[in-house]
Amino acid sequence: MSGGKEDEENDRKEHKGSWGDFFWNPRTQEMMGRTFKSWGLILLFYTVFYAFLGGMFVLTMYVMLLTLDEYKPTWQDRLTTPGMMIRPRGESLEIFYNLQDTETWDRYVQTLDNFLKPYDNSIQVQNNDNCIPDQYFIQEDSGEVRNNPKRACQFNRTMLDFCSGLDDRYYGYQEGRPCIIIKLNRVIGMLPGRDGQSPYITCASKREGVTLGPIQFYPPNGSLNLMYYPYYGSKAQINYTQPLVAVKFLNVTMNKELSVECRINSNTLVTGNQRDKFAGRISFKLRISA
């Protein structure tokens, strides 16, 4: 019995000693199976290796950045026909409210107030030019000399007339004749019309046999004048102001959901692109409860 205990104790000491020798062996001067010189060479190798990889990455990024134009994308692979957006948007492009409940439509009014603030006439006159309508406002560079910052044309809030929020601060929402603001997404260098014909916006019901009633557009005919194009980018054209079109619904059927589709009409832009059927158009729902 005593011999068995001694053997077990010897095995334990031997096991403990083997683990201790693995971490540090005083006889061979090795730590975890390697000498200090061996560990130093391994650390040196990986330091040089990862420093080389890091340097290659930095050099590659530097060379790539040299090829980029800070004012204009080198490649533009987006659709030739831009998308559209409305204000106010509501949730899921749904504008639902109750005439009797002020809170349901006041948030739409606040959204339009904030959105149209940069279009105040005083701000536009101070920052932008009074351009010649119906022609492109082209500002070419002189070779490698940049013509920056480029100027932009005024789009005054008063151009939205009854949807400007100036004469009617509620944009028609309190009387069931709401205004919807439509804007075309920005695309650098886009020329949306030719032969002096500006693109314009139209709206119609998506459901057959359902009419939206009379609609009024501001500016007249829902036109996006050519003088606001081309767009040169936010860095080159700091004060650029997107042209807007306001749609005022004059006689909406109460307590009925309307599906509305608005689209851009142009002699250079094609709507319903095969890659994106929503290019150049937008759909939203409108319901006014009495």
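The model is predicted, and its mean pLDDT is 86, with 87% of the residues reaching 70 or more. The structure contains an open sheet of 4 strands with antiparallel pairing and an open sheet of 4 strands with mixed pairing. The structure also holds 9 salt bridges, and a nonpolar surface patch of about 1,200 Å² is present.

**Confidence**

- Helix α1 (residues 2-23) has the lowest confidence in the protein, with a mean of 56.
- Confidence is highest in strand β6, where the mean is 97.

**The antiparallel sheet**

- The strands of this open sheet follow the order β1-β3-β6-β5.
- Strands β1 (84-87) and β5 (215-218) stand at the edges with a single partner strand each, so one side of each has no neighbour in the sheet.
- On average, neighbouring strands of this sheet are turned by 25° against each other, direction ignored.
- Strand β5 is joined by 4 bridges to β6 (residues 244-249), and the two run antiparallel.
- Within this pairing, Y218 stands opposite A246 in β6.
- Helix α3 (residues 102-116) packs on the sheet and touches β1, β3 (179-184) and β6.
- The direction of helix α3 makes about 40° with that of β3.

**The mixed sheet**

- In this open sheet the strand order is β2-β8-β7-β4.
- The edges are formed by β2 (94-98) and β4 (200-205); each has a single partner strand, so one side of each is left without a neighbour in the sheet.
- From one strand to the next, the twist averages 25°.
- Strands β2 and β8 (residues 281-289) run parallel and are joined by 5 bridges.
- E94 stands opposite K285 in β8.

**Salt bridges**

- Among the 9 salt bridges of the structure is one in which the side chains of R157 and D113 meet, at 3.8 Å from N to O.

**Nonpolar surface patch**

- The patch of about 1,200 Å² is made by F45, Y46, F49, Y50, F52, L53, M56, L59, Y62, V63 and L66.
- One of these residues, Y62, is located in helix α2 (residues 36-66).

How values were computed: Residues numbered from 1 in each chain as written. Predicted model: local features only at pLDDT ≥ 70, side-chain atom pairs only at ≥ 80, totals over all residues. Heavy atoms only, no water. Patch = residues over 30% accessible without salt bridge, like charges linked within 9 Å, V, L, I, M, F, W, Y side chains within 5 Å. Areas by Shrake-Rupley, 256 points an atom, 1.4 Å probe, with all protein chains shown as cover. Salt bridge = Lys/Arg side-chain N within 4 Å of Asp/Glu carboxyl O. Pairing = 2+ DSSP bridges. Axes fitted to C-alpha atoms, helices over the stretch in contact; angles between N-to-C directions. Contact = heavy atoms within 4.5 Å. pLDDT = per-residue confidence, 0-100.
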